[in-house]
Amino acid sequence: MLVHFFSAEGWQSWDLGGQPLIPERMPVLIDDDFLFEDAYGPRATRAVNAWLRTLPSTGAPSPNSWRAYALAARDWLMHLRRHCVAVFGPRQELVAALGTYADRRLSGPLDERLVSSSWELQVTALSRFYSWAVSEGLAGAVPFTQAVGMRMVDGRLVQGERNLARLRRPKPHVKVQYLEGDFAELFCHARAGLGPGGLEDEDSRGRFPGRNAAMGGLVLGTGMRSREFTYLLVHEVPPLPAEPTEVPIPWVVPELGAKGRKFRTTWIDYVSLAAVHSYSALDRELSRGSWRPPTPLVVEEADFRGGRVNGRRTAWSQLGPSERLRLVGPEGGSLLLALSYGGRPFVDWRTLFRRTARSIRARFEPRFPEVAPHRLRHTFAMATLAKLVEGHYRQAAQLARPGGNRQGQRKGGMTWPSPQNSAIRQNGAWSRSRRPHGHLPDCRAGNRARRPRKPARPAFGGSGRQPAAGAHVHVVPVLSLNDNHLSYPLEHALEEFIGGAEGRRLQGRWG
């Protein structure tokens, strides 16, 4: 059975009344005899292809998901064909086929055996396919068995179902793989062509050390996913503050390149952003060339928000990864941040990180683990958690708050709050008021008592009530580590703080 990825190029010569209603790069399953129906009627591949075309509008917009689901369906169809079982046959036969399929994929031949995460993907794909087939009236039975149970949601019991074909999942914290501080530092040095401690490594054979060091620091400093940082444009790099700062600098993640196409904002530290600007101004300029793809998108008048693409003003946020790969300047050369020889875009970061880790194990540290882009994302999360626990961002907030430099006390390059101007609230929020805690005018015109102002909503949750005078305030950092993003309050609270009034005053003060 073949898997073909559809392309509508040249459809005008296919003698059709209109362009086919098939998304670009949509996988199509084809039997070896290139038939979709026979004397017995339509084949199962026809139903699978119809289901695949519904994925973009049913919560799976990524072509990578289409490919994974198509391959899972292909393997299932081939297994059923091997055992002469119909795809929409009786439930007893489907359940028995699923049992043999699970045995083969989990403990069968090595070339067909799957790890637990890949098996979960198979179950998800087949479960969605049979649910669609039942809703379309194609199937009267499904091979899966659902267990009904109760679980607690928002303080109340709700009934839920669990697919018994799924394997037991490890606890979320077990799956978090990251680099310790010394290993992360060693990895940064190796990307730059240096040895342990940042010393010159005469035996280093890496190419483009400036690019590799800057992009690696960008991943460790922002926590972006591979798809997000690979297709970054050079014009999307935030401007560098006029002076070094401890305050995180916001970085908007391209919406169409993010997971699930969800808009979000991350941040980067000053040192990592300065390295990216240095690479853009020096090493990247030396790599520029006249490279052009077969169908280029020529960009003119480019700025931070967008440019004139083939004569039409377009925002960068409207471009997906495939369009970004085709962007070139008026004289040629890719507009991606990371370039290779002749201005070609560089996108194979997984291989580069893997080779860097292999070189470190062979030459410096045999305990060094395998490194993938997502491990660096976890490393960023753990480093951010450590800074929260140490009060790093709280100190940065004190530096950024209005009047902090005038009333605070300088210590170690940071502005430390005095008892009179402390703006720390419960649960780590910062006051937007210039008045110290507990200070309210006790009279108005006419000697009427003034009603206290309603306190601002705390960025980190909590009740928002002011602490009593002399009370000891505990700042409780909260961080949620999951597979999707660093959730509230870490990402959103800092984004709210930096993007709010304090951030605007800070930008004005620093030019």
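Student: If contact means heavy atoms within 4.5 Å, which residues is Phe368 in contact with, leaving aside its neighbours within four places in sequence?

Tutor: Phe368 is in contact with Leu179, Phe183, Leu186, Phe187, Ala357, Ile360 and Arg361. Before we go on, this is a predicted model, in which local features need pLDDT of at least 70 and side-chain atom pairs count only at pLDDT 80 or more, while totals for chains, interfaces and linings use all residues. Residues are numbered from 1 along each chain as its sequence is written, and side-chain values use heavy atoms, with hydrogens and water left out.

Student: Got it. Which residues have the most contacts inside the largest nonpolar core?

Tutor: Phe229 and Phe368 do, in a core of 37 residues. A nonpolar core is a set of buried Ala, Val, Leu, Ile, Met, Phe, Trp, Tyr and Cys residues joined through side-chain atoms within 4.5 Å. Buried means under 20% relative accessible area, exposed means over 50%, and partly exposed is in between, with a 1.4 Å probe and protein chains only.

Student: And which elements each supply at least two residues of this core?

Tutor: They are α5 (181–191), α6 (209–222), β7 (249–253), α8 (270–281) and α11 (349–363). The names come from DSSP runs numbered from the N terminus: helices are H or I with at least four residues, and strands are E with at least two. There is also a second, separate core of 35 residues, which includes Trp51, Leu55, Ala73 and Ala125.

Student: Back to α5. Which of its residues are buried?

Tutor: In α5 the buried ones are Phe183, Ala184, Leu186, Phe187, His189, Ala190 and Arg191. The buried residues of this helix pack against α6, α11 and α12 (373–390). Just after α5, Gly193 has a positive phi of about 80 degrees.

Student: Let's zoom out for a second. How many helices and strands are there in the protein chain?

Tutor: The chain has 16 helices and 14 strands. Of its 511 residues, 41% are buried. Among contacts with a separation of 6 or more, 61% come from residues 24 or more positions apart.

Student: Now helix pairs. How are two packed helices described?

Tutor: By the angle between their axes and the distance between the axes. Axes here are lines fitted to C-alpha atoms, for helices over the stretch in contact, and angles run from 0 to 180 degrees between N-to-C directions.

Student: What angle do α3 and α4 pack at?

Tutor: Helix α3 (residues 91–107) and helix α4 (residues 116–135) pack at about 160 degrees, and their axes are 11 Å apart. The two helices are therefore roughly antiparallel. The cut-offs for angles are under 35 degrees for roughly parallel, over 145 for roughly antiparallel, 65 to 115 for roughly perpendicular, and oblique for the rest.

Student: Which residues make the contact?

Tutor: Leu94, Tyr101, Ala102, Arg105 and Leu106 come from α3, while Trp119, Gln122, Leu126 and Tyr130 come from α4. By class, there are 7 nonpolar, 1 polar and 1 charged. Ala, Val, Leu, Ile, Met, Phe, Trp, Tyr, Cys and Pro count as nonpolar, Asp, Glu, Lys and Arg as charged, and the others, Gly among them, as polar.

Student: And α1 with α2, at what angle do their axes cross?

Tutor: The axes of α1 (residues 44–52) and α2 (residues 63–82) cross at roughly 160 degrees and come within 11 Å. That makes α1 roughly antiparallel to α2. On the α1 side the contact uses Ala44, Thr45, Val48, Trp51 and Leu52, and on the α2 side Trp66, Tyr69, Ala70, Ala73 and Leu77. This contact has 9 nonpolar residues, 1 polar and no charged ones.

Student: I work with cysteines. Is Cys84 buried or exposed?

Tutor: Cys84 is exposed, with a relative accessible area of 72%. Cys84 sits in the loop between α2 and α3. Its C-alpha is 9.7 Å from that of Ala97, and the two residues are 13 apart in sequence.

Student: What about Glu120, buried or exposed?

Tutor: Glu120 counts as buried, at 12% relative accessibility. This residue of helix α4 touches Arg166, Leu167 and Arg169, not counting residues up to four places away in sequence.

Student: Last one: where is Phe34 found?

Tutor: Phe34 is in the loop between β2 (27–30) and β3 (37–38). Its phi is near 60 degrees, a positive value in a residue other than glycine. Phe34 counts as exposed, at 58% relative accessibility. Asn310, in the loop between β10 (306–309) and β11 (312–315), has a positive phi near 50 degrees and counts as partly exposed at 48%.

Terms used: Contact means heavy atoms within 4.5 Å.
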